[in-house]
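Please go through the structure shown here with the notes that follow.

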Amino acid sequence: MRNNRHVTHILDDLAWRGLLQDSTGLDDLRKRFDEGPVRFYVGFDPTGASLHLGHMVQALTARRLQLAGHRPLLLVGGATGQIGDPREVGERILNSTEVVAEWVNRIREQLRPFVTYEGDSAAELVNNLDWTAPMSAIEFLRDVGKHFPVSKMLARDVVKARLETGISFTEFAYQLLQSHDYFELNQRYGCELQFGGSDQWGNITAGVDYVRRRGAGPVHAFTTPLVTKADGTKFGKTEGASIWLDPALTSPYAFYQFWINTDDRDVHRYLKYFSFRDRAELEALEAASAERPAAREAQRALAEELTTLLHGKDECAQALAASQALFGRGSLDELSASTLAAALSEAGLTQITSLPTVAELFRDAGLASGLGDARRTIGEGGAYVNNERVTDGDAVVDAATLLHGRYLVLRKGRKNFAGVELQK
């Protein structure tokens with residue numbers, strides 16, 4: 001990996017990108033960075049089968065620090081994931097040890113594209129179950145719990161919010177486990193820096209204080225801001241569904257589409273957060289977007305960079321080809337079955353058991369309100385099957401035209417399309 005440490009100081013770059021919210025002291029951290037490589041960590045709890053877009057800020061910040069010559073520890077919480085950080089409303093459902101272990105393995109693989117595991121700044125994946133599981137309850141209470149004033153723990157906003165409705169000791173004690181992670185990583189790996197999302201600030205500072213109370217350190221910490229959308233909807237969701245990093249849950253095509261559809265009000269902020277283009281390139285993109293907003297150059301740059309990073313250049317090429325082909329600007333024959341299925345699922349995929357007439361296809365796929373409307377669209381020259389204009393609404397589609405032996409792409413005009421899948 002390229003070392004940028006002597007080009008732009010990593011803290012200056014993070015600040016310009018808006019990625020620094022809270023810290024234990026940036027002057028002290030800058031001084032430590034200037035002395036040489038720092039071992040740092042960021043944690044990911046396996047509270048589900050996949051990470052989502054909200055986790056990408058942390059994974060990409062780890063990449064930025066590594067590019068600056070520092071050494072990442074990516075912690076997947078096999079222990080903390082069995083408990084879950086308390087939320088403001090309601091207890092988390094406790095998942096079985098076996099389920100959490102499976103999620104740990106999946107999430108570790110999802111983190112692999114973000115950093116490199118070779119060279120002087122090689123990253124390492126760690127699991128806090130390795131040092132938490134061997135501890136007895138007595139050891140935990142004596143060695144860890146002794147250092148946590150209950151008054152401070154009660155002062156946490158999330159704890160105060162739960163006191164009236166109830167919070168279990170299990171979730172109340174989560175902060176102790178996360179803090180102990182920092183101490184163990186400091187002792188085992190020489191870790192001197194932890195960062196995370198701003199919602200973790202209370203846990204993170206508790207860890208810094210705990211390391212000090214145990215006679216170790218000094219150690220440092222900072223947080224990144226939570227990502228928001230200008231329209232008030234939650235970042236990382238589209239039509240209420242989360243965008244996952246696991247391609248089995250969110251296809252590379254859907255991932256690409258999320259970024260390509262970024263609101264103009266958000267895209268330049270997101271480029272700072274997520275792109276590895278430098279300041280000059282991002283400012284040039286912003287200027288180009290202001291001149292030609294309809295071209296969506298900034299959105300395309302963001303979508304292509306992040307899809308390539310997470311899913312690879314071949315999957316990104318397929319997603320791009322699908323985006324063009326579905327609107328008649330490329331060949332549908334070049335799309336893989338998986339990409340075509342993902343793209344049509346996003347648009348709306350109607351399943352049929354036999355091939356009806358063209359007019360019936362357009363009606364059943366929702367591109368026409370009825371047979372009369374479908375025939376009218378076809379007669380006016382605005383109907384396409386697999387990007388070929390159709391003129392006879394009563395004709396039955398030839399099975400030989402099915403893509404991958406099962407799919408049809410229907411398009412009405414330039415922008416409205418839907419998919420049909422023949423069940424066999």
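The model is predicted, with local features needing pLDDT of at least 70 and side-chain atom pairs pLDDT 80 or more, while totals for chains, interfaces and linings use all residues. Residue numbers start from 1 along each chain as its sequence is written, and side-chain values use heavy atoms, without hydrogens and water.

**α15 with α16**

- The contact involves E304, T307, T308 and H311 on α15, and K313, E315, C316 and L320 on α16 (contact means heavy atoms within 4.5 Å).
- By class, this contact of α15 with α16 holds two nonpolar, three polar and three charged residues (nonpolar: Ala, Val, Leu, Ile, Met, Phe, Trp, Tyr, Cys and Pro; charged: Asp, Glu, Lys and Arg; polar: the others, Gly among them).
- Helix α15 spans residues 297-311 and helix α16 residues 313-325; their axes come within 7 Å and cross at roughly 135 degrees.
- That angle makes α15 oblique to α16 (under 35 degrees is roughly parallel, over 145 roughly antiparallel, 65 to 115 roughly perpendicular, and the rest oblique).
- Axes are lines fitted to C-alpha atoms, for helices over the stretch in contact, and angles run from 0 to 180 degrees between N-to-C directions.
- Helices (H or I, at least four residues) and strands (E, at least two) are DSSP runs, numbered from the N terminus.

**α12 with α16**

- Helix α12 covers residues 252-260, and its axis comes within 9 Å of that of α16, crossing at roughly 65 degrees.
- The two helices, α12 and α16, are therefore roughly perpendicular to each other.
- The crossing of α12 and α16 is right-handed.
- On α12 the contact uses P252, Y253, Y256 and Q257; on α16 it uses E315, A319, L320, A322 and S323.
- The contact of α12 with α16 divides into six nonpolar, two polar and one charged residue.

**α12 with α15**

- The axes of α12 and α15 are 8 Å apart, and the helices pack at an angle of about 150 degrees.
- α12 and α15 are therefore roughly antiparallel to each other.
- The crossing of α12 and α15 is right-handed.
- α12 contributes P252, F255, Y256, W259 and I260 to the contact, and α15 contributes Q299, R300, L302, A303, E304, L306, T307, L310 and H311.
- Nine nonpolar, three polar and two charged residues make up the contact of α12 with α15.

- One cavity of 30 Å³ or more turns up in a search of the whole structure (a cavity is a set of points, on a 1 Å grid over the protein atoms alone, where a 1.4 Å probe fits but cannot get out; lining residues have an atom within 4 Å of a point).
- The largest cavity holds about 50 Å³ of space (the space filled by probe spheres set on the points, with grid points joined across faces, edges and corners).
- W16, H268, L271, K272, L282, E283 and E286 line the largest cavity.
- At least two residues of this lining come from each of α13 (264-274) and α14 (279-291).
- The lining of the largest cavity has three nonpolar, one polar and three charged residues.

**Backbone geometry**

- The peptide bond from G217 to P218 is cis, with omega near 5 degrees.
- P218 sits in the loop between α11 (201-213) and β5 (220-224).
- N386, a residue other than glycine, has a positive phi near 55 degrees.
- N386 belongs to the loop between β9 (383-385) and β10 (388-389).

Note on methods. On a 1 Å grid over the protein atoms alone, a cavity is a set of points where a 1.4 Å probe fits but cannot get out, and a pocket is an open set with protein on both sides within 12 Å along at least five of seven lines; lining residues have an atom within 4 Å of a point. A crossing is left-handed if the near helix is turned anticlockwise from the far one by less than a right angle, and right-handed if clockwise.
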